[in-house]
Amino acid sequence: MTTALHSPAAAGTAPGDTAPGDTAPGPAAAARPAPVTMAAALNRALADSLAADERVVVFGEDVATLGGVFRVTDGLAARFGPARVFDTPLAESGIVGTAIGMAMNGLVPVIEMQFDAFAYPAFEQVTSHLAKLRNRTRGRVSLPVVVRVPFGGGIGGVEHHSDSSEAYYAHTPGLRVVSPGTPADAYRLLRQSIECPDPVIFLEPKRRYWGKETAALTTAGPPIEQALIRRPGTNVTLIAYGGMVSTAVEAAEAAAGEGWDVEVIDLRSLAPLDEATLTESVRRTGRAVVVHEAQGFAGYGAEIAARLTEQCFYHLEAPVLRVTGLDIPYPPPYLEHFHLPSVDRILDAIASLEWE
Amino acid sequence: MTLLADSLMTAPSGDPGLAAAPLQLIDPAGQPGANRGGLELPAPETLSDLHRRMVLGRAFDVQATALTKQGRLAVYPSSRGQDACQVGAVLALRDQDWLFPTYRDSVAIFTRGVDAPEALALLRGDWHCGYDPYQYRVAPHCTPLATSALHAVGFAHAATLKGEDLVALAMLGDGATSEGDTHEAFNFSAVWKAPVVFLVQNNGYAISVPLAKQTAAPTLAAKGIGYGMPSLLIDGNDAAAVYAAVRAGVERAASGAGPLLIEAVTYRAEPHTNADDDTRYRDRAEVAAWRARDPIARLAAYLSARGLLDEAGAAGLAEEAERLAASVRERLSEDVSVDPGELFDHVYARPTAALRRQRAALLAEIADAEPGEDER
Ligand SMILES: Cc1ncc(C[n+]2csc(CCOP(=O)(O)OP(=O)(O)O)c2C)c(N)n1
Ligand SMILES: [Mg+2]
């Protein structure tokens with residue numbers, strides 16, 4: 001790994017490191033950060049990684065000239081040239097499969113699947129090779145590949161544009177699965193994922209692409225596999241990731257008015273899971289609710305609920321509850337709000353946690 | 001119709017392999033082939049080496065089949081009958097080039113220099129890959145059909161991006177050409193002009209399914225046209241032709257001209273694996289006819305007629321092959337030692353906390369199950 005990765009310049013305040021579409025940070029930017037969207041933070045992370053490590057290549061469908069359908073790769077091809085940032089033919093298996101070969105030959109590919117459901121053609125390459133080559137070769141072949149996947153709903157997308165596919169990946173040993181909840185964490189997690197020697201499925205909550213945060217973009221902070229307490233609380237632990245983090249924080253604020261002091265944990269890393277942060281919190285609060293957009297049956301929340309039950313049983317005042325999407329194929333735009341977890345549903349779940 | 005002809009790419013031979021007869025440097029009788037299509041006959045010492053390595057490869061293959069019948073290997077897909085492809089292709093590679101083999105290609109892996117027990121680890125079952133790919137420049141045996149063709153393309157393209165001179169040889173079966181990843185690999189490599197040679201060993205069958213049920217294309221080589229990729233149709237039982245074609249592909253790819261598709265027409269002389277019953281789907285007469293077209297006998301006849309192989313030489317080689325078989329037999333008859341703790345070691349670069357817990361629990365379970373010293 002190159003040494004520049006942790007230097008202040010690599011954190012995005014150097015002139016010329018500004019992501020297109022982002023507010024240019026002036027000399028005072030380090031002191032007073034400008035508001036930044038998650039899309040711009042991801043763009044900055046890609047630019048800084050490309051600048052810091054010449055092994056990094058970025059490729060996928062429409063990522064070069066267009067800058068990606070969500071503009072996350074905007075300006076990178078112009079800045080880094082066609083050998084570093086390039087468009088590929090339309091073939092998701094081909095994108096992942098060639099990334100595997102490139103990583104075997106020393107590159108660090110950061111590839112984009114255009115949408116969650118369009119990553120499915122690559123499923124065999126991801127599960128049979130990307131996840132397993134290290135183990136197959138007794139650690140001799142390392143695949144530092146990052147697969148960026150815009151994921152989840154809430155954007156009025158038509159069919160195949162709103163899937164939450166995290167459980168498929170989290171179920172696969174050998175893959176890391178991460179999802180940021182805020183712009184600053186999107187920057188940090190993407191830089192950390194690119195530095196990571198393991199393959200990382202990087203799930204970008206598309207409904208949060210345009211949400212802004214005023215925070216410095218830096219790699220300093222929690223390591224890739226550590227969960228974060230977003231809001232401290234004393235009598236319920238609310239567990240979320242990706243697009244549901246801000247919904248959970250909103251619910252926690254609303255719950256405060258009802259007399260419940262809710263702690264919100266942003267998992268950041270779904271696999272591996274930071275069990276220590278989770279269990280410490282739940283043993284303290286005695287109550288837990290997991291929130292995710294994905295359908296509940298055999299969903300990621302089931303794993304959390306099972307682990308908390310195994311490890312915190314005698315501290316629990318109530319069963320661990322899940323607030324999830326319905327067990328249906330992702331609905332069309334006019335119906336998606338019936339499917340998605342809302343602040344009200346989270347509050348209803350909290351209200352039912354045996355308070356008497 | 002002229003449109004198609006106009007768009008044909010010119011291969012080293014100028015032959016697009018559309019409906020043409022396979023190119024041959026040496027015919028089944030051991031005579032110079034009539035349809036050489038511009039392929040260059042390898043030098044006499046290369047021909048002798050091809051013969052010797054095929055004899056050794058055959059001994060390895062026969063021994064592996066025998067060991068499987070004795071329960072020493074979990075399964076073995078023999079490449080008997082495809083010896084010319086296995087050996088010719090590998091000898092045509094330069095030292096820096098990479099081989100991307102399938103489950104069928106153990107003899108190719110062995111010919112590349114991988115030690116027999118390492119080459120057979122997957123099929124014995126002690127680990128999924130027994131060798132260090134970087135040491136031999138051989139990717140692991142690939143079982144999911146056609147998937148490794150994309151790895152070869154990515155590997156080769158990375159070499160281009162890094163300015164390295166290397167070519168990747170991607171091995172495919174005839175059945176595997178129907179998979180989507182073959183299409184994606186052909187297309188990516190042609191668009192990127194990646195230094196790749198695709199060798200399709202058309203051995204007539206995908207387990208039980210004959211080629212006629214696999215494709216309506218006139219030949220598999222003809223598929224190159226749609227990708228803007230030149231292709232060659234060759235006699236896959238002619239080691240000289242395989243060597244010359246792969247060599248031409250390597251030189252062409254290394255010069256920056258992009259990928260080459262080679263269809264080598266051959267035959268799987270054994271069942272799909274030891275576990276397969278091929279009497280259910282193919283005629284004994286067909287098998288016998290192909291066995292009579294043995295690639296080793298063909299090259300031996302050619303060499304003998306030219307004084308390049310005499311009886312003493314053949315006897316010496318037979319002895320060398322027997323020594324090899326004996327050593328493979330002996331080394332693979334040793335009891336396998338495995339380390340259950342290793343199951344957790346390579347899942348991630350560093351084992352996760354959860355894996356460390358599971359490792360400790362498994363080792364404790366094993367220790368509990370084994371009677372302690374004083375209990376015995
Ligand atoms: C993706 C995938 N599907 C199915 C199989 C099971 N399978 C193993 S070998 C084989 C036949 C392949 O035939 P071919 O490509 O002609 O190669 P050959 O075995 O003849 O060398 C099949 C169907 C597999 N390995 N991978
Ligand atoms: Mg076949």
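**Entry 1: a salt bridge in chain A**

I began with R148(A), which forms a salt bridge with E112(A), the closest N and O atoms lying 2.8 Å apart. I keep in mind that this is a predicted model. I then asked where in the chain the two partners sit, and found R148(A) in strand β5 (residues 146–151) and E112(A) in strand β4 (residues 108–112) of chain A, so that the pair, 36 residues apart, links distant parts of the chain. Are R148(A) and E112(A) buried or exposed? I noted that R148(A) is buried and that E112(A) is buried as well.

**Entry 2: other salt bridges**

Searching the whole structure, I recorded 41 salt bridges over all chains. In chain A I also wrote down a network of salt bridges that links D185(A), R188(A), R230(A), D266(A) and R268(A).

In chain B I looked up the salt bridge between the side chains of D235(B) and R293(B), with 3.8 Å from N to O. This pair, too, links distant parts of the chain, 58 residues apart, with D235(B) in strand β6 (residues 231–235) and R293(B) in the loop between α12 (284–291) and α13 (295–305) of chain B. D235(B) counts as buried because its relative accessible area is 3%, under the limit of 20%, whereas R293(B), at 31% relative accessibility, counts as partly exposed.

I set beside this the salt bridge in which the side chains of E319(B) and R323(B) meet, at 4.0 Å from N to O. Both residues lie in helix α14 (residues 311–333) of chain B, four residues apart, which is about one turn of the helix. Why do I list E319(B) as exposed? Its relative accessibility is 52%, and the class begins over 50%; R323(B) is likewise exposed, with a relative accessible area of 54%.

**Entry 3: the magnesium ion**

Which residues coordinate the magnesium ion (ligand 2)? I found D174(B) through OD, N203(B) through OD1 and Y205(B) through O, at 2.0 to 2.1 Å. Along the sequence, the spacing of these donor residues reads D-x28-N-x1-Y.

I traced an open sheet of five strands in chain B, in the order β1-β2-β3-β7-β6, with parallel pairing. Its edge strands are β1 (98–100) and β6 of chain B, each of which pairs on one side only. Direction ignored, neighbouring strands of this sheet are turned by 20 degrees against each other on average. Looking inside the sheet, I saw that strand β3 (residues 196–202) and strand β7 (residues 260–265) of chain B pair in the parallel sense over six bridges, and that Q201(B) has A264(B) in β7(B) as its bridge partner.

Two helices that pack on the sheet went into my notes. Helix α3 (residues 83–91) of chain B touches β1, β2 (168–173), β3 and β7 of chain B, and its direction makes about 170 degrees with that of β3(B). Helix α11 (residues 239–254) of chain B touches β2, β3, β6 and β7 of chain B, and its direction makes about 160 degrees with that of β6(B).

**Entry 4: domains of chain B**

Last, I looked up how chain B is divided, and noted domain 1 (2–332) and domain 2 (340–375). The C-alpha centres of domain 1 and domain 2 of chain B lie 41 Å apart.

Note on methods: Residues are numbered from 1 along each chain as its sequence is written. Chains are lettered from A and ligands numbered from 1 in the order in which they are written. This is a predicted model: local features need pLDDT of at least 70, side-chain atom pairs count only at pLDDT 80 or more; totals for chains, interfaces and linings use all residues. Side-chain values use heavy atoms; hydrogens and water are left out. Donors are N, O and S atoms within 2.8 Å of the metal (3.2 Å for Na, K and Ca); water is not among the atoms, so sites may look incomplete. Domain bounds come from an automatic or database domain assignment. Buried means under 20% relative accessible area, exposed over 50%, partly exposed in between (1.4 Å probe, protein chains only). Two strands pair if DSSP finds at least two bridges between them. Axes are lines fitted to C-alpha atoms, for helices over the stretch in contact, and angles run from 0 to 180 degrees between N-to-C directions. Contact means heavy atoms within 4.5 Å.
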